[in-house]
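Biologist: I'd like to learn how to read a structure like this one. Could you walk me through it?
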Amino acid sequence: MSPLSEQDIEAKLLRFPDWEYYDNALHAEFEFENFKDCFSAMSRIAFECEALNHHPNWSNVYNVLTISLSTHDAGGVTNKDFQLAEAIESIVEPEE
Ligand code: H2B
């Protein structure tokens with residue numbers, strides 16, 4: 001799988017207002033009420049990652065989840081990253 005062009009990435013990002021593209025990856029930060037809500041979302045995201053066989057670089061500090069998405073095998077951002085971003089959005093922003 002080859003990486004998407006910067007132009008394609010910016011066009012797709014119009015549908016993902018929580019996400020930014022820099023350093024060859026998509027980045028987002030989500031804040032929750034508390035650690036329990038944050039870790040619960042991470043658990044649900046983890047199942048989606050396994051289903052998609054695509055995995056985030058992420059870190060958690062108390063109620064904040066920081067995520068970077070890129071396709072390691074392709075050395076950049078691919079449609080897989082947007083698929084995972086969409087799955088993450090449906091978990092963390094279910095009303096949208
Ligand atoms: N996740 C991400 N983000 N990038 C990859 O290239 C990738 C992955 N490759 N998850 C998958 C797993 C690969 O390592 C396995 C062997 O299919």
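Modeller: Happy to. Let's start with the ligand: this is a predicted model, and the shell around the ligand has no nonpolar, five polar and one charged residues.

Biologist: Which residues are around the ligand?

Modeller: They are Asn-53, His-54, His-55, Thr-71, His-72 and Asp-73.

Biologist: And the chain itself? In what order do its elements run from the N terminus on?

Modeller: The order is α-β-β-α-β-β-α, which comes to three helices and four strands. The chain is as compact as a globular protein of its length, because its radius of gyration of 13 Å is close to the 12 Å that the globule rule gives for 96 residues. Its C-alpha trace spans about 35 × 25 × 25 Å along the principal axes, and buried residues make up 23% of the chain.

Biologist: Now the strands. How do I read the two faces of strand S2?

Modeller: Here's the general idea: in a regular strand, side chains alternate between the two faces of the sheet. In S2 (residues 25-31), Leu-26, Ala-28 and Phe-30 make up the covered face, while Ala-25, His-27, Glu-29 and Glu-31 are on the uncovered one.

Biologist: Which strands does S2 join by bridges?

Modeller: One is S1 (residues 20-22), joined to S2 by three bridges and running antiparallel to it. There, Glu-20 has His-27 as its bridge partner. S1 and S2 form a hairpin with two residues between them, and Asp-23 in the turn has a positive phi of about 50°. Another is S4 (residues 64-69), antiparallel to S2 and joined to it by six bridges, with Glu-31 opposite Val-64.

How values were computed:
Residues are numbered from 1 along each chain as its sequence is written. This is a predicted model: local features need pLDDT of at least 70, side-chain atom pairs count only at pLDDT 80 or more; totals for chains, interfaces and linings use all residues. A residue is near a molecule or strand if its C-beta atom, placed from the backbone, lies within 6 Å of it. Ala, Val, Leu, Ile, Met, Phe, Trp, Tyr, Cys and Pro count as nonpolar, Asp, Glu, Lys and Arg as charged, and the others, Gly among them, as polar. The radius of gyration is taken over C-alpha atoms; the globule rule is 2.2 Å times the number of residues to the power 0.38. A residue is buried if 20 or more other C-beta atoms lie within 10 Å of its own, exposed if 12 or fewer, and partly exposed in between; C-beta atoms are placed from the backbone. Two strands pair if DSSP finds at least two bridges between them.
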